[in-house]
Amino acid sequence: MAKKQKKAQLTDGPIPVVGAREPCPCGSGRRYKACHGRAASHAVTELVHRPFEGLPGEPHWVAMRELVPAATAALTLRDGLPEGVPSVTLATVLPMAWPALRRDDGSVLLALQNDTASGDLSRDLADTLVRALTAEPGNPVPARRVEGEGPRLQDLLDLSADFAPVVHPGFEFWVPDAENASPEVAASLERANAAAIPTVLLSGADAAYWCETPEKNHLRWVMPHAEEALLDALARLHAAGESSLGEGTRLVGSFRAHGLTVPVWDLPSAMGAEECEKPAAAFAERLTAALAETAPLTAEQRRARGGLTNRQVTLS
């Protein structure tokens with residue numbers, strides 16, 4: 001009787017991704033989902049709820065990921081810039097939804113508003129950044145699934161460096177010389193700019209972003225405080241009639257995004273970003289005082305808190 005041949009084992013190189021019920025390419029004879037696909041599936045389900053924790057300007061990272069159409073921020077690498085890479089810049093989004101771009105001059109643009117394959121946004125972005133640093137100049141960096149353990153942004157970036165986002169009125173930062181762009185590029189920029197919601201970062205309140213919509217304006221403020229303490233403080237202010245930003249404004253609720261809470265105010269259409277500056281600064285002082293209070297919530301404050309909680313939405 002002929003001996004049953006041993007199945008070849010593919011041990012060198014990465015294991016390709018196949019359908020969950022197909023045989024695993026490693027040659028084990030098991031289905032992919034029960035073999036090498038198990039780790040990939042586990043990675044997807046193990047969501048890191050606060051991927052930007054520990055990074056300078058964490059609320060701004062959340063805002064650039066979820067709220068702001070067009071913005072950039074210079075990134076400082078922990079080990080310095082590699083030879084031939086003059087700068088690394090975080091961008092909200094890039095053309096064609098590219099994860100990253102190595103420009104002709106060697107500089108790198110890293111996009112934040114891209115879908116990622118694993119449950120750890122920080123690790124996915126770090127993988128894209130590492131590949132962008134060695135990509136051929138003049139080329140985008142394609143998306144890919146991050147396999148196994150790898151560095152996170154917290155491992156690659158200088159955590160002592162400032163993080164200062166710049167909000168742009170449009171996407172001209174995509175090209176080095178937008179004024180002299182070709183007709184095709186100019187048309188693409190015009191379409192992208194037309195779809196962008198006008199947004200302004202307030203100067204007197206950290207991570208507070210004013211935006212304009214056809215019906216009314218809004219202020220969306222990404223706050224780093226612990227959620228329960230923040231909701232208690234907002235409830236105290238709301239019950240006392242001190243949660244608004246002035247006449248015609250209203251705190252309408254909040255949403256969660258990447259582990260942080262983002263209160264949202266409705267504003268009159270006539271209230272621009274400049275008119276928000278003083279009321280927002282005054283509110284920040286009231287919020288600081290409310291956060292310092294330790295007494296249990298009153299019945300009225302609990303009702304206010306319940307209303308805020310009922311109007312809370314989770315984005316990520």
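Q: Which residue in β8 does V200 stand opposite?
A: This is a predicted model, in which local features need pLDDT of at least 70 and side-chain atom pairs count only at pLDDT 80 or more, while totals for chains, interfaces and linings use all residues. Residues are numbered from 1 along each chain as its sequence is written, and side-chain values use heavy atoms, with hydrogens and water left out. Strands here are DSSP runs of E with at least two residues, and helices are runs of H or I with at least four, numbered from the N terminus. Three bridges join β7 to the antiparallel strand β8 (residues 208-212), and the residue opposite V200 is W210.

Q: In what order do the six strands form the open sheet?
A: Two strands pair if DSSP finds at least two bridges between them, and the pairing in this sheet is mixed. The edge strands, β7 (199-201) and β12 (312-314), each pair on one side only. The order is β7-β8-β9-β11-β10-β12.

Q: At what angle does helix α2 run to β11?
A: Axes are lines fitted to C-alpha atoms, for helices over the stretch in contact (heavy atoms within 4.5 Å), and angles run from 0 to 180 degrees between N-to-C directions. Helix α2 (residues 58-66) lies across β7, β8, β10 (250-257) and β11 (260-267), and its angle to β11 is about 60°.

Q: How are α6 and α7 oriented to each other?
A: The axes of α6 (residues 227-239) and α7 (residues 273-292) come within 9 Å and cross at roughly 115°. Angles of 65 to 115 degrees count as roughly perpendicular, under 35 as roughly parallel, over 145 as roughly antiparallel and the rest as oblique. The two helices, α6 and α7, are therefore roughly perpendicular.
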